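Subject: Handing over a structure

Dear colleague,

I am passing a structure on to you, and it is placed just below.

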Amino acid sequence: MAKNWWKAVAVILVLFALIGGLLIDVPRLPILNETIRNLFYHVTMWFAMMILMTASVVYSIKYLRSGKELDDAKAKIAAEIGLFLGVLGIATGSIWAKFTWGAYWINDPKLNGAAVTILAYFAYMILRNSFDDEEKRAKISAVYNIFAYVLLIVFLMILPRMTDSLHPGNGGNPAFSQYDLDNTMRIIFYPAIIGWTLIGVWLGELKLRLHKLRIKKLEDEL
Amino acid sequence: MFNEFTALLSKEVKLEWRNKFALGGLLLYVVSTAFVAYLSFKKIVDIPVWNALFWIIFLFGATNAVAKAFVQDSKEKQLYLYTLASPQAIILSKMVYNGLLLFVISVLTYIVFGVLVGNPVQNPTMYLTALILGSTGFSGTLSLLSAIASQTQNNVSLLSILGFPILLPLLMTLLRLSKNAADGISWTMSLNYVWILLALNAIVFALSYLLFPYLWRE
């Protein structure tokens, strides 16, 4: 029981962000208006996704160094949950864009970066599924994971600098970081990131347990 | 290490020269896609369209060309190579060789495309810079991915799935630089993109060099 306190923290933090995010007073910014509240959901999910993707790469590197099957399983699970959060983030961002920009999808460097990230990780999943041999799959997908991650980070850094973006925080569009005086939003924002990340870790832990049980069942059958 | 590298490079060139049908197939691919573009568009006056079409043709040509980098070597031949050379020498020779091959293909695409649908490029030197940096960058990325894809069953389609998302940063920067070259915009405005491309090339080569030994060791 003592080991599970962080799960309660995760639930409380996410509930806090969900309810608090709708209740607190937010600054009225041009264009954004009340939709700025999406910051608590969309942006925090993307932060959690990036944290999980980073965890996935760390486990991939660990796998290449150690060759332990469990590290590979962890890398895969972290990437899966990161992808799940990424899809949620794109969905929330898309709904937000409909109300703010008038369209679900527009041609914008930030959005393209997001789409490419999602595509690359789907490619990672397809790559994983095209092997029968487990050791080979683990090794090769770890290599792809590291390669893709580094280039995606570069992409996410370069691309917004090449053109102006409509996305809040770019090209003079108002965003929360430019209004540092407003600390009320931070009270929700940071707990929400931690909350989503913890929920992700919890999901991952469940999947990992399932994975271990499957392996145990296979070994028992043998 | 250096001796291994030069020996492997000359092996690649010789192999290509003896299998002329593969090279011929690539050249025919370039000519026929350019011809399809010509029949669909006749003359392209709009520079962004011209540029985008050129790079798309080159992207698919490059994927086809590099796809065979590791696929053409049979399992036995790879094992033999493994006993002879270090993995670093192998990936370096493949990347350099594919870079040269892609450069030849890109120049040919440029010429054929220019003859058929018109050539609006005002600064050919800058365009050539884009072609060189694009060829090396594509080669660095696709060589490693080809090594990955060659280990699976459906390797050619997998190479495009794996490659396209990862090639996008490179492709976007190349599109900017080559569009500047086509518009005749001065070097001072475009030098930024050249630096980005050089940095991307360095990253891709370093990553492939570091990661390839893990694919090779089986």
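The notes below go through one chain, then the contact between the chains, then one residue and some record annotations.

Please bear in mind that this is a predicted model, in which local features need pLDDT of at least 70 and side-chain atom pairs count only at pLDDT 80 or more, while totals for chains, interfaces and linings use all residues. Residues are numbered from 1 along each chain as its sequence is written, chains are lettered from A and ligands numbered from 1 in the order in which they are written, and side-chain values use heavy atoms, with hydrogens and water left out.

Chain A has six helices and zero strands, where helices (H or I, at least four residues) and strands (E, at least two) are DSSP runs numbered from the N terminus. Of its 222 residues, 50% count as buried, a word that stands for under 20% relative accessible area with a 1.4 Å probe and protein chains only. Among contacts in chain A (heavy atoms within 4.5 Å) between residues at least 6 apart in sequence, 74% join residues at least 24 apart.

Where chain A meets chain B, the contact takes 26 residues from chain A and 30 residues from chain B. The buried area, meaning the accessible area (1.4 Å probe) that two parts lose on being put together, summed over both, is about 2,600 Å², and carbon and sulfur atoms give 81% of it. Across this interface the rule finds zero salt bridges, a salt bridge being a side-chain nitrogen of Lys or Arg within 4 Å of a carboxyl oxygen of Asp or Glu. On the side of chain A that touches chain B, α4 (109–129) and α5 (134–162) of chain A each supply at least two residues, and α5(A) gives the most, with 15 residues.

In chain B, B:Ser135 lies in helix α6 (residues 124–149) and counts as buried because its relative accessibility is 0%. Leaving aside residues up to four places away in sequence, B:Ser135 touches B:Phe58, B:Gly99, B:Leu102, B:Phe103 and B:Ser106.

Finally, an unreviewed UniProt entry lists several stretches of chain B under "transmembrane region", including residues 100–121 and 156–175; such positions are given in the numbering used here, feature names are shortened, and annotations may be inferred rather than shown by experiment. In the model, residues 156–175 of chain B are 100% helix and 0% strand, with the end C-alpha atoms 25 Å apart.

With best wishes
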